[in-house]
Amino acid sequence: MTEPNSTAAAAVPLITLGVALFGPNLGPYAVIAMGAVGGSFWALANSATATRLASAFLMARCLITALALTAFIAGLIGPWLGFEVTEMYVVVAFTIAALGDKWLDILETVKTKLQSLI
């Protein structure tokens, strides 16, 4: 019978190699995902979902939206506020995910404000 720690000890070099190869590329996405999960809990608390499946779909929508839009929005807002773009990832991802299904209300408000300016 093999020792229980022998497989774990053999996996350590592979894990180290994986982190060295993929860490710089996947690191920002992990930060964005963590911020988005926190924001999606906020959106979930403010929504009236009937089932667990509907709640899971809401969280998935929040997470996917945050992953897709955070880098772009942080690239616009970060330099404008005087922060580095990577420092804005968590804040922007949390905000995007916390909005949840309120995107249409925000777009409608922006549209109304633009129409009043024109």
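Guide: One term to begin with: contact means heavy atoms within 4.5 Å. This is a predicted model, where local features need pLDDT of at least 70, side-chain atom pairs count only at pLDDT 80 or more, and totals for chains, interfaces and linings use all residues. Residues are numbered from 1 along each chain as its sequence is written, and side-chain values use heavy atoms, with hydrogens and water left out.

Visitor: OK, what does the secondary structure of the protein chain come to?

Guide: Four helices and zero strands, in the order α-α-α-α along the sequence. Helices (H or I, at least four residues) and strands (E, at least two) are DSSP runs, numbered from the N terminus.

Visitor: Which residues does S40 contact?

Guide: Leaving aside neighbours within four places in sequence, S40 is in contact with M59, C62, A97 and A98. S40 itself lies in helix α1.

Visitor: Is S40 buried or exposed?

Guide: S40 counts as buried, at 2% relative accessibility. Buried means under 20% relative accessible area, exposed over 50%, and partly exposed in between (1.4 Å probe, protein chains only).

Visitor: And T70, what does that touch?

Guide: T70 touches I32, Y89, V92, A93 and I96, not counting residues up to four places away in sequence. T70 sits in helix α2, residues 52-81, and is buried at 0% relative accessible area.

Visitor: How much of the protein chain is buried?

Guide: Buried residues are 17% of the 118 residues.

Visitor: Switching topic: how many aromatic pairs are there in the whole structure?

Guide: A search of the whole structure finds one aromatic pair. The ring centres of W42 and F94 are 5.8 Å apart and the planes are at 85°, so the pair is edge-to-face. For that term, rings of Phe, Tyr and Trp (its six-membered ring) pair if their centres lie within 6.5 Å; planes under 30 degrees apart count as stacked, over 60 as edge-to-face and the rest as tilted.

Visitor: Where do W42 and F94 lie?

Guide: W42 is in helix α1 and F94 in helix α3 (residues 85-99), so the pair ties together parts that are 52 residues apart in sequence. F94 counts as partly exposed, at 30% relative accessibility.

Visitor: Last one: is L21 buried or exposed?

Guide: L21 is exposed, with a relative accessible area of 51%. L21 lies in helix α1.
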